[in-house]
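Here's a friendly walk through one protein chain. Have a look at the sequence and the 3D view first, then read on for the helix packing and the charged pairs.

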Amino acid sequence: MNWPVFLASGGGILAIALWAIVKPGQAEGVFTGAVTWISANLGWWYIALATAIVVFVVVLAASRFGVVRLGPDHSRPQYPWYSWASMLFAAGIGVDLLFFAVAEPVMQYYGPPTGTGESLQAARDAVVITIFHYGITGWAMYALMGMCFGYFAYRRGMPLTIRAVLFPIIGRRVHGGAGHAVEVAAMLGTVFGVATSLGIGVVQLNYGLSLLFGVPENHAVQIALISVAVLVATISAVSGVDKGIKRLSEFNVGLAILLLAFILLTGRTAFLMDGLVMNVGQYAASFVGLSMNTYAYEGATEWLGAWTLFFWAWWVAWAPFVGLFLARISRGRTIRQFVIGTLTVPFLFVALWISIFGNAALERVLPQNPQARAFGEIAMATPERAFYQLLEQYPAAPVVALVASIIGLLLYITSADSSALVMSTFTSKVDAAHRDGPAWSRIFWAVTTGVLTIAMLVVGGIPTLQMATVIIGLPFSIVLVFSMVGLWRSLGDERRRASAREGTTTRGIERSFTQQLSYAMTYPSADDYAQFAHHTAIPALHEFAELLAERTDGRPVDVQSLPLEIEGVLDESERYELPQIELTVPLGGGAFVYGIRPVARPMPSYAFSMGALGHVYFRADVYGPTGSLDYDVAGATIEQLVGDVAARFEEHLTYLELRERHEDARVATSLKGLASSVVTKLRSSRLDREAD
């Protein structure tokens, strides 16, 4: 465990919750005042930051860095597109989508930021504003953090933590107080962001159960619902990504698609499709204007704080935990693939969902509908009821409401379990990207999030959680700026490192004359590679690990042998399962990785052989954290391999030392310049006072 981060974040969350319970009036007053001040004075910051992030991720994906993989160059995606998109959507969107897809369009229709409510223009803008709040801007924040986590963990060999993202900026200082502070800020934002979503979800589910089964609407039922959801989320989080979260996500997305199709086909299909086309077109046409609109001349700061700033703070709060989760499921994808997938796949579904449900709700509040006023009043006064009130107008309403409740519950659980998994990682000293925090820590954070949700609901309900999110999200918004700077610098550093290697002699083991002749005339088969891996490569890496442990007081070294499935070169139906061996040494500035993997090559026509040859042979390709080092170690002895690993290890340490010197010098120069500027201003101010 990373105890400073664990204790500080846990203590901070409990302190805020207890303060809100003991002094509810004082807490509400402080929250209200803080949000009012942020809306009036820092609204521009949230608006500018969100727009800058969209520009950054799009430019990065379109640039030469778009082909860089979130992992070594030879890595490939672990999950197919449907599984990946399902987990991305289920983790990135909570049960609140059911809440706001109906309630927000109605609220924007009655109370738009500008103009007159209940007008034709208000109706045209209502769904577009809702799509904007759930649109590309928020997913760009997820994409930014996901790229940062995936790149630094899977390509640079750093732990899957937020402090690793800041290493290019502040160097080894990330291991001290600065790194702790960043992760505590991320933890606070994550817990309150998730608690807000869960609070909204449990209130809405409570009404759904009341409608279906006559369950009373009160805090006792809501506490019971949260407890059950936390229990299921805990089981899912402990079972891991593949067994729990993946299956829940795929099932939930399938249910959501069925519900969406049912509403579309049993409602006014032509009207809903017309609205969808118009909404998406209007969103695309007005995206830049909406993104930069601070309503400076209209004075709509109250609306801005209640809606756009709240949503941007909410996305910021969710960005670290969703970004880390996306990194976990995106190893092997290129930056371009990752950005395109993250910005388009979930957004298309969100746009469909909001447009169809939003226009179905607007149809009920337009003046020509005789029940317009009744439905509008329900949506404005008790927005958690609006979704189910809408479903009651469709055939088989009880069944449809039950399906919607299951979708909401599963969205609740997938948000809770993925956040517990990520928060456990944030507060642990994980030394490798494929490892999670301990199981008891996942249980603790799932329970803590549930307790905070209960406390805030009892004290002030959903508005209190929303205000807390706007406030808590502000400190972490600064980390997003550092993340953009750090990622861009590291990508540039990698390019410079690759350029420096160009033109140098090919690295590799020093073979004797006999070995060189044998290597030139030998084309290893799959069995030959397997024997080399088991009898030479694995013993050599274990020997290096033991030698390193003796000289570093037991520094942990991880040696893994993993089965790798390889397709045939000429015949894709052929499959070979051969071992890939990897040695990892965790280091502060980036783990040292030395791996050997099988690479199939077509047999050349000039191949020498005393016997029959196959149509493919296998290289024992050496790779580092960023990919292949372009040399083959087949035929080497154990001693030669140990020497090669030692040479690469020394090279890696030299690189880390030079990089730290460069970063330290740059930081020192910046601090020196800042100090000089401050001293100059102080002297100027003193001279002015003396002159007066």
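The chain has 24 helices and five strands; helices (H or I, at least four residues) and strands (E, at least two) are DSSP runs, numbered from the N terminus. This is a predicted model, where local features need pLDDT of at least 70, side-chain atom pairs count only at pLDDT 80 or more, and totals for chains, interfaces and linings use all residues. Residues are numbered from 1 along each chain as its sequence is written, and side-chain values use heavy atoms, with hydrogens and water left out.

Of the 692 residues in the chain, 57% are buried. Buried means under 20% relative accessible area, exposed means over 50%, and partly exposed is in between (1.4 Å probe, protein chains only). Now take the contacts in the chain with a separation of 6 or more: 79% of them are between residues 24 or more positions apart. Contact here means heavy atoms within 4.5 Å.

**Two helices against α16**

Let's start with helix α6 (residues 120–133) and helix α16 (residues 335–365). Their axes come within 9 Å and cross at roughly 150°. Axes are lines fitted to C-alpha atoms, for helices over the stretch in contact, and angles run from 0 to 180 degrees between N-to-C directions. That angle makes α6 roughly antiparallel to α16. For the wording, angles under 35 degrees count as roughly parallel, over 145 as roughly antiparallel, 65 to 115 as roughly perpendicular and the rest as oblique. On the α6 side, A123, A126, V127, T130 and I131 make the contact, and on the α16 side it's F347, A351, I354, S355, G358, N359 and L362. Sorted by class, these residues are eight nonpolar, four polar and no charged. Ala, Val, Leu, Ile, Met, Phe, Trp, Tyr, Cys and Pro count as nonpolar, Asp, Glu, Lys and Arg as charged, and the others, Gly among them, as polar.

Helix α5 (residues 96–110) packs on α16 too, at an angle of about 45° with the axes 9 Å apart. These two helices are therefore oblique to each other. From α5 the contact takes in L97, L98, A101, V102, P105, V106, Y109 and Y110, while α16 brings W353, I354, F357, G358, A361, L362 and V365.

**Charged pairs**

Side chains of opposite charge can pair when their charged atoms come close. The structure holds nine salt bridges, each a side-chain nitrogen of Lys or Arg within 4 Å of a carboxyl oxygen of Asp or Glu. Here are some of them:

| Pair | N to O distance |
|---|---|
| R155 and D73 | 3.0 Å |
| E217 and R385 | 2.8 Å |
| E363 and R268 | 3.2 Å |

R155 lies in helix α7 (residues 136–155) and D73 in the loop between α3 (43–62) and α4 (81–92), so the pair ties together parts 82 residues apart in sequence. R155 counts as buried at 3% relative accessibility, whereas D73 is partly exposed at 39%.

With E217 in the loop between α10 (177–213) and α11 (219–239) and R385 in helix α18 (residues 383–391), that pair joins parts 168 residues apart. E217 is partly exposed at 34%, and R385 is partly exposed at 30%.

What about E363? At 22% relative accessibility, E363 is partly exposed, and R268 is partly exposed at 48%.

Finally, R597, R619 and D621 are linked in a network of salt bridges.
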